[in-house]
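Have the viewer open as you read.

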Amino acid sequence: MNTLIAITGLGIFCLLFEILNFRKGIIPFTILGLLGVLALNFYEFGSTESYYNNMITVSKFSTSFSSLFIILTIFLVALSHNFYENHPTKISDFVAIKIFLLAGGVAMVSFGNLAMFFLGIEILSIALYVLAASERLNLKSNEAGMKYFLMGSFASGIILFGICLIYGAMGSFDVVEISEYSLSAELPIWFPIGMVLVTIGMLFKIAAVPFHFWAPDVYEGSPALTTALMSTLAKVVAIATLFKLISSLNFIPSLENQDHLNTFENIIIFISIASMTVGNIMALRQVNVKRMLAFSGISHAGFMLMTFLTAATSAGVLLYYTAAYALAGIAAFSVILYVCKNQNDEDITNFHGLGKTNPLLAAILTASLLSMAGIPIFSGFFAKLFLFNQTIQAGHITLVIVAVINSIISVGYYFKLILAMYSKEPNQERTGKPFLIYAVAIVSITLNIALGLFPSLVLDLLN
Amino acid sequence: MNVSTILIILLIGAFATYFSGDKLASKVALLFSLAALGCSIVLLNNYNAGENISVINAWITQPKISFALNADGLGLAMVLLTLALTPIIIFSSFGNEYKNAKGFYGLILFMAFAMTGTFLAADGLLYYIFWELALIPIYFIALIWGNGDADERRKAVVKFFIYTLAGSLFMLVAFIYLSQKANGSFLIEDLYKVELSACEQFWIFLAFFLAYAIKIPIIPFHTWQANVYQKAPTVGTMLLSGIMLKMGLYSVIRWQLPIAPLAAKEYMNIFIALGIAGVIYGSIVALRQKDLKKLLAYSSLAHVGLIAAGSYTLTLDGLRGAVLQMIAHGFVVVGLFFAAEVIFRRFETREIAELGGIRTQSPKFTSMFLILVLASVALPSTFNFVGEFTVLYSLSQINIWFAVLGGTTIILGAYYMLRMFQHVMLGQTNSKVFADVTLSEGISFAVIIAVLLFFGFYPKPITDLITPSLETILQVINKN
Amino acid sequence: MEMDTNLALLLVLTPFLGFLINVFFGKSLGKTVSGIIGTVAVVISFIVTLVLFDQITSTGKAIEVTLFDWIQISNLKINLGFLLDQLSVLWLLFVTGIGSLIHLYSISYMHDDENMHKFFSYLNLFVFFMITLVIGSNLLVLFIGWEGVGLCSYLLIGFWHKNQDYNDAAKKAFIMNRIGDLGLLIGMFILGYTFKTLDYTELKQTILTIHYEPQIAWNVSIAALCLFIGACGKSAQIPLYTWLPDAMAGPTPVSALIHAATMVTAGIFMITRLNFVFDLATDVQTVIAVIGAITSLVAATIGLVQTDIKKVLAYSTVSQLGLMFLALGFGAYEVAVFHVITHAFFKACLFLGSGSVIHGLHGEQDMRKMGGLRKAMPITFWTMLISSLAISGVPFFSGFFSKDEILLTAFHHSIPLYVVGSVASIMTAFYMFRLMFLTFFKEFRGTEEQKHHLHESGSLITIPLIILAILAAFGGLISLPGHSWLNEYLAPLFTKVAGEEHHLGATEYTLMGVAVLGGLLGILIAYIKYFKQDNVPESDENITGLSKVLYNKYYVDEIYDAVFVQPINVLSKFFRDYIETGLSALVFGLGKVANEIAFQGKRLQSGSIGLYLFVFVLGMCAIISYIFLAQ
Amino acid sequence: MDNILNQIGIENYIFLSVVLFCIGIFGVLYRRNAIIVFMSIEIMLNAVNLLFVAFSTYHQDAQGQVFVFFSMAVAAAEVAVGLAILVSIFRNLGSISIDNLKNLKG
C-alpha cells in the first residue's frame, strides 16, 4: 500500500521538478526514489494485510511482482535519459508518465476490489496510449498510438462489461466475497460469462492470439523506449494481473462446479499453443527488430499462459519466467536503443558488424537473445525448464512437446540477429559509450545470469 | 581436490585467455589446458589410489537439481581424452594467425570446459546444461573463424546449431519426464532406479536417440556434418570430430542404455543395423569426395557408426571396444585433420585433385601422414585396431553378419584412405614447393602417433580404467 | 626361460632396430652403410634362428614366450607372446636365410637408387613383421605380422612412388589382401567364441578334448572356410590372385623375397599352423584342394604366353602356390611345407637371376628384346638353368622330390586333381624353358647400345645366386622319399599320422616316371618351338585367338573392375550427388516451409484496424460459444 | 423503485444493454471515421454503465452506481487522450479516416 502511495508521490514530484525547472536532477532523483520504493516494498514483503476495506490487499504475490515492476521501471527510467536528450523539455512528463504507469501496474497486482483492478488497467493503458503516440510529428508513432488506443479502449469496454456481469451475478466487487460466493452451489450464468469477458480483455493486453494483432504494429510504430516498456513492463503486469484474477476469484473451481473446467482449460491450451506458434512463425520473416521482438513477445505470452493450467502452484514459476523474460528484454532493448539511436528505423541491417564495433554490447544482446531462446545458464532456460516441469506434472505432455518444437523455431530468428552482428561487415561506425545504457545493459544481463545460477532465489519466493 | 578443480581451471583459463590480449592468448590458452591436463592426471592417480574425487552439492531445491560431478573410470577416460587433445589442438593452431585471437582461444577453452563437464556430470540437468553449453562456442568458432563462402558457412552453421538443439530439447523433455518418475530428482542414480513401462522406455529411448543420433551423427541424421567440418576452421573441426562426437557416444553408454534398458534390448538389432549402415554408407560416400576435409568427415561418420553399433550391443566387449575406439578415433582424426591443415597452410587448397607429389618434397610429413592413415584403417599394432577388433568381436557375438558387414570398413576404409593418400601425397613431384613439417607441427604429430602406437601394443591401462565402470553400467542395464 | 625370452626378442627386434636406424639415420649414413646395417640385422636374426633350431632339434620341445596381456575380451584373453616350435623355426630358417641373401643382393642391385636407405628400412620392417607372423603364439599376433607384411609389400610395390601405375598396383595388393584379412578376422571371431581362445596350444588342446555337437562342427567348418579366404588373399589363390602379377611393379629383390619366397607362403603357414582345425573340416579341405588345383592350372596357362620375364615368374609362383594348396587340401601339410621350402629356393634364385638380367639390360623386362645372354652372363645363366630344372621337376633336383610328393598325394586322393596338377607342372616346365631359351640362347634382340653394355653382374649379386642355386639343386635331400627327415621333424605338429608314408611301390615309380616324362616333354616342346624353329612371341597387337585371351589373363582384371570396382564408384557418386543433397534438402525444407507460412501470415497482418477488431470479436464469440453453447 | 424492476424484470435490462453494447461493437467494426468509432466505444461503455445501475438497484447496493462514476471518469480521460492523438494525426495526415492508418503492417 505504502509502495503505491510512494510511487504516486514520486510521480507528482517529477512534475514539480519540471515546474521548479530542475530538469537535470529528474532522472537521478527518480532512480533514487524508486530504489527507496523498492526498499520499502521489500520491507512490506511477507505481510499480508488489506487497506481501505479491501480496495488494496498486499500479499507476497503482489509485493514480489511489484518489486519486479519497480526494478524494470528503474531500468526504463535510466534508459530514458539519453533517449530523450534531444527534446529535454518533455523529459519530466515522460518520466512522470512512466511512474504513474508503474503505479497503475502496482495497483493491478495488488487489487482487492474489481474497481481497483479496473482503475489500474486504465491508468496503465492510458499512460501507454500517450507514450505510444508521444512522437507527435512521426506518423508511425501517431498511427501506433491510434491503433493501440482504439483497440485498447475496445478491450477495456469488454472488460468493463465482464466486471459488470460479475457484479450482477455476485452483487459485489470485493474479491474475497466474490471468491466465497463463487464456490457456492448454483451461480447465475453471468458470472462465468463475465469472467470469460474479463479474461479475453486481459488476453488482449498480453497480446495472445487471436487478440494479438495490435502488438506488432504498435511495437513497431511507437518510440523504441515505449516499445521496451510495453514488451517488458506492460506485458508482465498484464499477465500477472490475469493470473491473480483467475486464481483469486476461484474462477476455475467455480467452473468446476458446473463442469466447464476442461473446456476452459482447453481454451487456455489452445490459445497458448496458437500464441507461441503464430508468434514464432511470424517472427521468422521480420526484418524490423522491434517487430520481431513483438512476435517473440507474443510467443512468450503463449509460454506464460501455460502456467495457468497449474494456477494453484505455479505462481513462483510465473514470477521467475516473467523476471527472466523481462530482464532479457531490457538488456536487448538497451542495446537496440543504442544501435538505433540515430537511425530512422530498427532494421536488422543496423546491427551488422556490431560484434566488431562494440563487442560488449553485441555479447550482451547475444546473451539476452540466447536467454529468450532458452539456452542454458541464462535464466530463460530455467524458466522454460520449470514451466515444462510444472506442465508435465499436470499431465499436458503434448503441450510441452509443442512448446519444445516452438522454442526450436524461435532459435531461427533469434540467431538471424546474432548472425547479423557477427558474420556481417559493419556498415557504420558507432561512436560514444553512453554510460547509462551500458550500465543498464550490463546490470540487467548480470541479473538475468544470476537468476540462472541461483534460480531458487526467485522461485521459492511464492512457495 | 576433486574433479571440479579441472572445470574451475578451464573456466578461469577461458577468461584469462580472453583478457590476456591477442598477443598472448594462444600461449595462455596452451598453459591453462596443460594445467588442466596435469590436474586431471593427478586426479587419476588419486582415483586409482581409491580416493573419492566426486562432488555433489545441492543446487536447486524444487525440482531437486544438484551440482553433482561423478568421476568414475569411464568419465575420467573421456575427460583425459578431452584434456589431452585440447593442448594438442591449441598447439597445432600455432601455425595460423587468427584475428581476434583472444576470443578464439577463450572459446576453445570454454568449450573444453563444457565438454569436460558433460563427461563428468552426474545429474541429468547439469549434464544437459553442459551439453548445450558446448554447442555455443563451436557455433561461434565455426561462424566467425570458419573458411569458405560466408553465406554457405552461415547456412551450414545455423543448420548445425538448430539441428543439434532440436535433438537435445527432446532429451530435455525426456529428462523432465524421468525426474517426475524419480519424484523430482535429476540425480543419475535416482534416474537409474526409475521403473518404466516398456512403452515409456520406448519413447524416452527415442528422445535420447534423437539427441545422440544427431550429435554422433548416425545416418540419416548426419547431413550437418560434412558441411560444418568443411566450413569450420580446422581447430573447430578437430574439436567437433575429436571430442564432441564422443559426447554423443559417451552419453549413449552413460545415459541412454541404462535408463531405457528394455527398449535398448528390444530394438538392439535395429540400432546396430543403423550404425553399421552408417559404416558402409560413410565409407562409400567418402570414396568420391573432392575435398580432403569432407572425405575425412565421411570417414569419421563411418567410424562412429561402428562405435555406435558396438555400444548398442549391450555386451561388455561392445561397450569396452566402443570406448577404446572412441579414444583412438579421437586422436587419429585430430591427427588427420591436422595433416589436412598442414597441407592447406602450404598449398591454400584442400581439393584432392589439385594435390599430389608431396612425398618427394617432404618425406617426414609423408611418413607421419601415412602412419595416421594406417592407424585410421586400423592396422594391427595401432590403437584403433584394438578398439575395432573388440567392437567387431562383440558384433560377431550378436550376429556374425553384423561382424561381416561392419568388417567391410576394413576393406572400404583401406580403399578410400589409400586412394586419398595416393592422390594427395604420391605421384610426380608437385610443381608447387612443399616445405617439410616445422618443429611445432612435428611435435603435434609425434605426440599423437606416440599415443596411438603405445596403446596399440599396451591398451591395458585404459582397459583397466574403464572396465569397472562399464560393468556397473551393465549391471544397471541388466537389473531386470 | 629368461634366456629364451631374450633370444626371441633379439630375433624379432634386430630387424626392427635396423628399420629404425635406417629410417632415422639412413640418409646421413650413406647407401652402402645403410645397406650393410640392413643386411647385418637380418643375418643376426638368422644366426639366432640357427641357435633356436639347434635347441629345438635337440630338445624337441616347443619354446613358449609370453610378454604381456594385449587385448582383453570378456571371454578370451589375448596376450602378446611367441611360440617357437618346429614349424615356426623351420619357417624362420628360410625367411631369415633367404632374407639375408636377398639383402646382400640388394646392396648392389639398388645401389643406383636415391632412396636406398628407405628400401632397406622397408625390407627390415618386412622381415620384422614376417618373423612376428611366424612366431606369434596366437592368431592375433599372427594377424599383426599378417597385416604388417601386407603393409610392407604395399610400401615396396609402390617403392617408385612417382609412377601412379605402381601405386595402383600397390593399392590393389593391399586392398585384395584386406579382403582376405576380413575373412581371417571372421574366422578368428568364430574360433574365438566357439573355443574361447585364440592361442594355438590352448586351441589345439580344446579341439582335441572338446566333445562335438553338430553346432560346433558347423562353426569349425565356417571358421576354416573364412581362414582359407584369408589364406587366398595372402597366397594369391583364386579368386584373389590378381594382385600378385601386378606386384611385380616393385624392385626385383622385393619380388624375390616377398612375392615368391616368404610372404606369399604365409597362407600355407597359417593353414599348417591350424592343421587341427582344418582336419575337422573335410569339406573345406576339398574346397582348398580344388581351388589349389584350378589356380595352378589357370596361372600356368597364363604363364605360357607372357612375355615379361617377371610376369612369367609371377604366374609360375601363383601356380606353384596352387600346387601347395592342393597338397594342403589333402591334409598332406608336410608335403606342402616341403614344396614351400624348395620353391623358396629355386623361385628366389629365378627372380634374382631375372633381376640380374634386368640389371644387365638397364631395366628391360621384355623377353622378346633379350636372347643370347648365355655368353654375357654365364653365372646368371647357370644358376637360373639349375633352378629351372628344379622347378620343372627334373630328377634329383629339389623341385623333383617336392612336386612329386604332391602329385603322389593327389593321385592317392583324387585322380582328376592329379591330372590337373600334372598338366600344370608340364606347362610349368614348358614356360620355364621358354623363358630360358628366349633369354639366354640365340642372338641378342635388344638395341646395339644395350648389347654394348652387356656384362655379368657384380659378386654381391652372383654370390646369392650361386648359394640359392646350390640349395635349389640339393634342397630336396631334406625329405627324400622313403625316409624323410622333414616329416619326422614336423611330426609333433600334426594330430593325425603325418601324411601316410608312400611305401615306394610300382605305382609310385610309374607316377614318378610319368611326372619326369611330362617335365621333359614340356622342356622338349619349348626346345623345338623356341630353339629349333626359334620363334619369338609376336608383339602384342598381332596376338590372336586363345593366346590373346591367355595373354590378357582371361580378362579377369577387367571383369573384377566391371563387377566390383565400378559399381562401388558409381554408387559413391550417386550417394554423394543425390542422397546426400536430398537429405540435407529435406532438413532445409522444414525451414523453408515455416518461412513460407510466415510469408503468408505477413499478408494477414494487413494493418487495418477493422480487420484486427473483427478477428478480435470473432475470437471472442468463438470462445464464448465454445464454453457456454457447446454443451 | 424495486417494483419497477419487478415489473420489467432484470433480464430486459440486460438484453437492452447487451443490444446497446453490440450496436457499439458493430459501430466500431463498420465505421471508418475515427470520431464515430469513438462514439461507438462510448456507446459500449454507457451500455455497461446502464447495466451497472440496473444491477445496483437489483442488488439494493450502491457500489454499482459508484463504479459508474469511475467508469465515466475513465472514459472521459480516455477520450481526451484519444482526441489528442486524433488531432496530431489530422495535422500530419489531413484526414481522420482510420483506413489511412495502414503504414504499419506485415
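## A hairpin in chain B

Two strands count as paired if DSSP finds at least two bridges between them. Helices (H or I, at least four residues) and strands (E, at least two) are DSSP runs, numbered from the N terminus. In chain B, strand E1 (residues 55-60) and strand E2 (residues 65-69) run antiparallel, joined by 5 bridges. One pairing to pick out is Ile56(B), whose bridge partner in E2(B) is Ala68(B). With 4 residues between them, E1(B) and E2(B) form a hairpin.

A word on the ground rules: this is a predicted model, where local features need pLDDT of at least 70, side-chain atom pairs count only at pLDDT 80 or more, and totals for chains, interfaces and linings use all residues. Residues are numbered from 1 along each chain as its sequence is written, while chains are lettered from A and ligands numbered from 1 in the order in which they are written.

## The annotated domain

UniProt, in an unreviewed entry, places "domain: NADH:quinone oxidoreductase/Mrp antiporter transmembrane" at residues 123-408 of chain B. Its positions are given here in the numbering used for the model, feature names are shortened, and annotations may be inferred rather than shown by experiment. Over that stretch chain B is 80% helix and 0% strand, with the end C-alpha atoms 39 Å apart.

## Who touches chain B?

Two residues are in contact if their C-beta atoms, placed from the backbone, lie within 7 Å. Of the 5 pairs of chains in contact, B and C share the most contacts. Here 42 residues of chain B meet 38 residues of chain C. H18(B) (400-425) gives the largest share of chain B's side, 11 residues. That side divides into 25 nonpolar, 11 polar and 6 charged residues, where Ala, Val, Leu, Ile, Met, Phe, Trp, Tyr, Cys and Pro count as nonpolar, Asp, Glu, Lys and Arg as charged, and the others, Gly among them, as polar.

Turn to chain A, and 24 residues of chain B are in contact with 23 of chain A. H7(B) brings the largest share of chain B's side, 13 residues, and the side splits into 19 nonpolar, 3 polar and 2 charged. No contact joins chains B and D, whose closest C-alpha atoms lie 25 Å apart.

## One side of a helix in chain A

In helix H7 (residues 175-182) of chain A, Val175(A), Ile178(A) and Ser182(A) are buried, meaning that 20 or more other C-beta atoms, placed from the backbone, lie within 10 Å of a residue's own.

Technical notes
A residue is buried if 20 or more other C-beta atoms lie within 10 Å of its own, exposed if 12 or fewer, and partly exposed in between; C-beta atoms are placed from the backbone.
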